[in-house]
Every structure is written in C-alpha cells, then in structure tokens.
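Try each task before reading its solution.

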Amino acid sequence: MTDFVGPFRKSSHSLQENACVEVADTTDLGRAVRDSKQADGPLLVVSRSAWQGFLQQF
C-alpha cells in the first residue's frame, strides 16, 4: 500500500464550483486523488509515470 506524504490540496484544474478534485503526494512520488466532497471515500492512487502522462494530456 502506498502512503501519502503531504496533505491533500485542491487541484489547479478544479473550478470554483463544488466539483473539486484533491491530490496528495505519495511516498513513491506518485499521487493520490480523491473527490473533495468524499474525503473519507475511495482514492485513486497512480504511479509517478502515470501522473506525468496524465499531465502531458493538458
């Protein structure tokens, strides 16, 4: 299991509406992603290379 190393923060791609995505760094330099409205809900955890590939799409 991957642990987070930082607090969750609102994604810069989230608008001012209530549709917020939050991200946190992980111990393996990837990211954990969650819905801000469900802080105790499920997480999507991705590797560093997957996160970098995702960001290159924008």
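**Exercise 1.** With which side chain does the side chain of arginine 34 make a polar contact?

*Solution.* Start with the ground rules. This is a predicted model, where local features need pLDDT of at least 70, side-chain atom pairs count only at pLDDT 80 or more, and totals for chains, interfaces and linings use all residues. Residues are numbered from 1 along each chain as its sequence is written, and side-chain values use heavy atoms, with hydrogens and water left out.

The partner is the side chain of glutamate 22, at 2.8 Å. A polar contact is a pair of N or O atoms within 3.5 Å; within protein, one must be able to donate a hydrogen and the other to accept it, and residues adjacent in sequence count only if both atoms are side-chain atoms.

Next, look for a backbone partner. The backbone oxygen of alanine 39 lies 3.3 Å from a polar atom of the arginine 34 side chain.

**Exercise 2.** Classify alanine 24: buried or exposed?

*Solution.* Find alanine 24 in strand β2, residues 21-25. Its relative accessible area is 0%, so alanine 24 is buried (under 20%; exposed is over 50%, partly exposed in between; 1.4 Å probe, protein chains only). Arginine 34 is also buried, at 17%.

**Exercise 3.** How far apart in space are alanine 24 and valine 45?

*Solution.* Count along the chain: they are 21 residues apart. Then go C-alpha to C-alpha: 9.4 Å.

Methods
Helix = DSSP H or I, 4+ residues; strand = E, 2+ residues; numbered from the N terminus.
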